[in-house]
Amino acid sequence: MESLRIIDTWPVTTAAAAVVRADGTVLGTHGPTGHRFPLASVTKPLAAYAALVAYEEGAVELDEPAGPEGSTVRHLLAHTSGLAFDEHRVTAPPGERRLYSNAGFEVLGEHIAKASGIPFGEYLRQAVLEPLAMESTTLDGSPARDGVSTVDDLVRFAAEVQAPRLLDPRTVLEAQSVVHPGLKGVLPGYGHQNPNDWGLGFEIRDSKSPHWTGGSSSPATFGHFGQSGTFLWIDPVAGAACVALTDRAFGPWAAEAWTPFTDAVLAELG
């Protein structure tokens with residue numbers, strides 16, 4: 001895909017990108033797709049997928065208590081537990097506001113580790129990484145932000161999410177559907193959004209503006225971006241997913257570059 005060559009114009013030292021269909025067909029790649037990049041918050045969809053495997057295996061229930069009083073596994077996945085951004089401090093009652101929270105994902109990881117008897121990084125490896133042959137992906141640290149991976153590995157994950165084999169498709173559909181509709185909140189890097197829609201570990205585009213996906217991205221688009229200059233989006237209407245990883249922290253450069261890039265990819269997909 002010619003559109004992927006746009007990453008050569010980005011003000012970064014190293015970048016790689018790919019587009020993949022639901023059946024695993026890779027439509028195009030560009031850059032060093034085997035290079036390992038820190039994912040930052042693109043770690044969260046991987047962690048969420050492992051949490052959903054734990055749910056389907058019966059290790060946890062989505063509506064069992066987890067985190068602050070009144071909060072559940074579902075609240076933690078949907079950033080509605082009331083926990084602060086980066087502190088294990090309660091700032092709102094559960095379900096009242098969309099408070100994007102790294103702390104919430106750390107509590108989620110601890111909860112699953114306790115329920116399963118397996119450290120969360122190892123649980124992720126057994127539940128998701130190993131079955132998908134994501135051999136270059138590791139999580140040593142926070143399930144909110146400490147994943148390291150490659151474009152090649154994330155292509156496998158993006159194909160899985162589009163056509164699930166590890167989970168019941170109904171579970172993945174729930175994960176990409178709005179949890180606690182109508183809540184306001186801040187989308188990091190893009191300001192206040194009303195509503196600030198989110199699924200179970202996946203951010204949902206809907207009508208958010210400004211946004212890190214394309215102007216032509218469908219409202220059903222979901223995924224995540226990371227402060228390390230990384231993103232993964234899945235557009236069910238386009239029938240494809242796109243991964244882009246870089247070695248430059250998110251900033252104005254990314255806000256300017258990512259939207260026209262995505263629009264070019266979608267235009268080439270037709």
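This is a predicted model: local features need pLDDT of at least 70, side-chain atom pairs count only at pLDDT 80 or more; totals for chains, interfaces and linings use all residues.
Rings of Phe, Tyr and Trp, the last represented by its six-membered ring, are taken as a pair if their centres lie within 6.5 Å. Y100 has a relative accessibility of 10% and so counts as buried. W198, at 1%, likewise counts as buried.

A further aromatic pair is formed by F202 and F222, with an edge-to-face arrangement in which the centres are 5.2 Å apart and the planes lie at 90 degrees. F202 is located in the loop between strand 7 and strand 8, and F222 in strand 9 (residues 222-226), so that this pair links parts of the chain 20 residues apart. F202 is buried, its relative accessible area being 1%, and F222 counts as buried at 3% relative accessibility. Elsewhere, ring pairs join W10, Y190, W212, F225, F231, F250, W253, W258 and F261 into a cluster.

In soluble globular proteins, nonpolar side chains tend to be buried together. In the present model, the largest nonpolar core comprises 57 residues, among which L77 and F157 touch the most other members. Helix 1 (residues 43-57) supplies the largest share of this core, namely 9 residues. Apart from neighbours within four places in sequence, F157 is in contact with P45, L46, Y49, V128, L132, M134, F202 and L232. A second, separate core contains 27 residues, including V19, W233, A257 and L269.

The loop between helix 2 (73-77) and helix 3 (102-116) also holds S101. This residue counts as buried because its relative accessibility is 1%, under the 20% cut-off. A polar atom of the S101 side chain lies 2.8 Å from the backbone nitrogen of G104. When residues up to four places away in sequence are not counted, S101 touches K44, H79, L83, A84 and F85. Of these, K44 also has its charged end positioned over the ring of F105, at 5.9 Å from the ring centre.

How values were computed. Residues are numbered from 1 along each chain as its sequence is written. Side-chain values use heavy atoms; hydrogens and water are left out. A nonpolar core is a set of buried Ala, Val, Leu, Ile, Met, Phe, Trp, Tyr and Cys residues joined through side-chain atoms within 4.5 Å. Buried means under 20% relative accessible area, exposed over 50%, partly exposed in between (1.4 Å probe, protein chains only). Helices (H or I, at least four residues) and strands (E, at least two) are DSSP runs, numbered from the N terminus. Contact means heavy atoms within 4.5 Å. A polar contact is a pair of N or O atoms within 3.5 Å; within protein, one must be able to donate a hydrogen and the other to accept it, and residues adjacent in sequence count only if both atoms are side-chain atoms. Rings of Phe, Tyr and Trp (its six-membered ring) pair if their centres lie within 6.5 Å; planes under 30 degrees apart count as stacked, over 60 as edge-to-face and the rest as tilted. A charge sits over a ring if NZ of Lys or CZ of Arg is within 6 Å of the ring centre and within 35 degrees of the ring normal.
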